[in-house]
Structures are given as C-alpha cells and as structure tokens.
Amino acid sequence: MKAPTISPLQAELINLHPALVDMRRMVCDGLRKKPRQLPAWLLYDTEGSRLFEQICEQPEYSLSRTETALLGKQAAAIATALESGVIVEFGAGSARKVGPLLRSLRPAAYIAIDISSEHLQESTNALQRQFPEVPILGICCDHSQLDALPDHPLLRGQRRIGFFPGSSLGNFEAKEAIVLLRNFRKLLNGGPLLLGLDHPKPKERMVAAYNDAAGVSAAFAHNLLHRLNHELEGDFDLDQFTYRASWQAEQSRVVMELVSKCKQLITVAGRQWLFTAGESLITEYSIKYLPEAALALIAEAGWDGVQRWHDPANEFSIHLLKPSNCTAKPKAATNEPSRATSQNQARA
Ligand SMILES: C[S@@+](CC[C@H](N)C(=O)[O-])C[C@H]1O[C@@H](n2cnc3c(N)ncnc32)[C@H](O)[C@@H]1O
C-alpha cells in the first residue's frame, strides 16, 4: 500500500501589497524630490530580500549577528517582561530573530508583517515547520500605511506584542519615524513594543558595513533599478549608476545612494527624468541611535522606554516600550539621558 503523503505545513498569508498604480505614484513623487529619493521598502522584492540575507552574512555587517546573539542570550528575561499575547513582527524578513522569543514566551500566535510577499511566504512556512505548535499568519503590506491589522481569528481578543528588530526604524527620517511609532502604538492597541536599534560607530565601520567588499550592498541597491525596469517599464542602464554609502555625522546616519555616471534621460513610471552627471538617487538611510536619542524620539511618539538590553560592547540596544499613558510616570520628550532601566547582565 502506498504511504500517505504528508503535506508540509503552510502558514496563512494575507496579501495587501501596494497596487502597481500606487507604486507608480510613489516612484514619481520620489523622483521629483530634490535630492531624488525612493521609499526604502522598494528595495525589497524577492531578489532584494535574497540579497539582504546575504548582506547579513558579510563580515562587515555585524548588526544582524549582534542583535541575534543578544536576543538569544536575553530571551527569557525579555519574554518575562513582555508577558503573554500574540507577537506581531514588523518587517519580519527571514523571521529568524523571533525564534528564541517563540520558545521562551510561547505566544498565542505569531503574525509576520513584510512587504516582500514571496520571501514572507517562504519565511513563515519555514518557521511554521520549526514551530508547528504556534499558529502563524503572514501579512504582506507596507506597515507605514497600515490603518488597522486585519480582523483575523488569531488576533481577535488577544493582547498584542510588537516586535520591530533590525534597526529598521533607522530607514525613516525622524519625523516619519515618530509617525510610524505612533501608528504602531495604535495597531498594537495598548500592547508593548520591542524595538531593536543599532548605535553609531566609527565612520569607517559604518561605511564598510553598508558598502561591503564583496559588493552585495551595491548589488542590493542596483536591484532597485532592475525592479523599476521590470515592474514600472523603466530603462535604467545599471552600469551607468555607481553605488555609494557615506556617513553623515551631524544626522547620525548612513546615506546610501546611486550616483549617475553621466547626463542621461531615463524613462520610468510613464515619464522621462533627466539625471545630470553626479546626480544622486537616495535608496535608503540608516539612522543610528544612541539610547538617549532613541528615547527622546520614542517619547515624542507616545511611548515610554521601560527597559533596555544591550550587547557586551554596547553597540546595539533592544528597547522595551510601553504606551506612555500605561506606565506610572509619563516622560516628556527630552534629550536628557534616560532613566529607563538598562540591562546587559544586571539592572543598572
Ligand atoms: C532591514 S530588513 C530587516 C529584516 C529582519 N527584521 C531582520 O531584522 O533581519 C527590513 C525588512 O522589512 C521589510 N520592510 C521594509 N520596509 C517595509 C514596509 N514599509 N512595510 C513592511 N515591510 C517592510 C523588508 O522587506 C525587510 O524584510
């Protein structure tokens, strides 16, 4: 008799990816800016997500390894502080960082939000096979434009715990970051948010991290042009743009851009765009936050930083945030050093 085939576990996926017409509008808005700048989420199609995974393996890019190790080491303490509920991860990517939390916290469900639909499906399927006991749902959408989480049985009546790792908040300029964190507060409906943020480091390290010797970061940026050619009828010649990453100390950020090698007329999204020689197209920012600066921004967005974990070298922080009206003493927005509890091995 033929053995029954066991179908692999599949995670459910809700696809709310922006429509092509909205992408076209966003690209036109971005190309009209001075300097030209596109939303960072456009970097993440299936190939972009694959390249990002490779970036995380580059020796120069320590961010991912540091945060993963920190989460692994502090998972039990973080889980205790977060309490029970459903974990909602924003920009889940490979969804590998949440593993220790799933083990320690045993949430009622795990919801992975990401803009890159195929990659999200693969990541959530892999995680579902690893954690068959945890109900998993993927939601493909732009989380900066999300008004509400879908009315889904896994979310109904559950306390929500937000998880935003990868220092992805740094892709948003300060004003946008505040809007995003306010929106997360609304989406989480009174629940806490666990936020991973990278600290500034010496300029040489920052630049090398975002322009690795193997050229993966450059390929990641060039893939954006390939995507625009493919999805929005563009005619970018990838060889006519050079990738550059630079550190702007005053703004505490790495700027990633594609610089036009010559004067050239580009057609994309149904319009023509004249690039001058040396003109830049910003693909992404990565703003780096010292804990005090992070807590000032966080407070402006209506959150209190109540606890912080960091790696032994203090290069990366994981902040536990609670909505400010839910904690005993709401803090005003300030640039003064925070009194939030800092944890590495012990409370400060
Ligand atoms: C820097 S990667 C971090 C991935 C993962 N969280 C980690 O820490 O390794 C950013 C992730 O967020 C997703 N992303 C970027 N912008 C997004 C947006 N506006 N809405 C939803 N997902 C977004 C990307 O597809 C990507 O997987």
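Guide: What follows starts with the sheet, moves to the helices on it, and then turns to other local features.

The model is predicted, and residue numbers count from 1 along each chain. The open sheet is built from 4 strands in the order S2-S12-S9-S8, with mixed pairing. In general, strands of a sheet pair through backbone hydrogen bonds, in either the parallel or the antiparallel sense. The edges are held by strand S2 (36-37) and strand S8 (241-248); each has a single partner strand, so one side of each lacks a neighbour in the sheet. S2 runs parallel to strand S12 (residues 280-287), and 2 bridges join them. Within this pairing, Arg36 is placed opposite Leu281 of S12.

Two helices can be described against this sheet. Helix H7 (residues 203-210) packs on the sheet and touches S8, strand S9 (253-260) and S12. The direction of H7 makes about 150° with that of S8. Helix H8 (residues 216-231) also lies across S8, S9 and S12, but runs at about 120° to S8.

H8 has a helix partner as well. H2 and H8 pack with their axes 9 Å apart and at an angle of about 165°; H2 and H8 are therefore roughly antiparallel to each other. Their crossing is left-handed. On the H2 side the contact is made by Glu47, Gly48, Leu51, Phe52, Gln54 and Ile55, and on the H8 side by Val216, Ser217, Ala219, Phe220 and Asn223. By class, this contact of H2 with H8 has 6 nonpolar, 4 polar and 1 charged residues.

H2 leads on to the ligand. Around the ligand there are 20 residues, of which Trp41, Tyr44, Gly91, Gly93 and Gly166 come nearest. Helix H2 (46-56) and strand S4 (109-114) are the elements that give two or more residues to this shell. The shell divides into 8 nonpolar, 9 polar and 3 charged residues.

The peptide bond joining Lys34 and Pro35 is cis, with omega about -5°. As background, most peptide bonds are trans, and most residues other than glycine have a negative phi. Glu83 sits in the loop between helix H3 (63-82) and strand S3 (86-90).

A positive phi also occurs in a hairpin. Strand S10 (residues 264-268) and strand S11 (residues 271-275) pair in the antiparallel sense over 5 bridges. Thr267 has Gln272 in S11 as its bridge partner. The hairpin of S10 and S11 has 2 residues between the strands, and Ala269 takes a positive phi near 55° there.

Helix H6 (residues 174-188) packs with helix H9 (residues 291-300) at an angle of about 55°, their axes being 8 Å apart. That angle makes H6 oblique to H9. The crossing of H6 and H9 is right-handed. H6 contributes Ala174, Ala177, Ile178 and Leu181 to the contact, and H9 contributes Leu297, Ile298 and Glu300. These residues divide into 6 nonpolar, no polar and 1 charged.

Technical notes: This is a predicted model: local features need pLDDT of at least 70, side-chain atom pairs count only at pLDDT 80 or more; totals for chains, interfaces and linings use all residues. Two strands pair if DSSP finds at least two bridges between them. Two residues are in contact if their C-beta atoms, placed from the backbone, lie within 7 Å. Axes are lines fitted to C-alpha atoms, for helices over the stretch in contact, and angles run from 0 to 180 degrees between N-to-C directions. Angles under 35 degrees count as roughly parallel, over 145 as roughly antiparallel, 65 to 115 as roughly perpendicular and the rest as oblique. A crossing is left-handed if the near helix is turned anticlockwise from the far one by less than a right angle, and right-handed if clockwise. Ala, Val, Leu, Ile, Met, Phe, Trp, Tyr, Cys and Pro count as nonpolar, Asp, Glu, Lys and Arg as charged, and the others, Gly among them, as polar. A residue is near a molecule or strand if its C-beta atom, placed from the backbone, lies within 6 Å of it.
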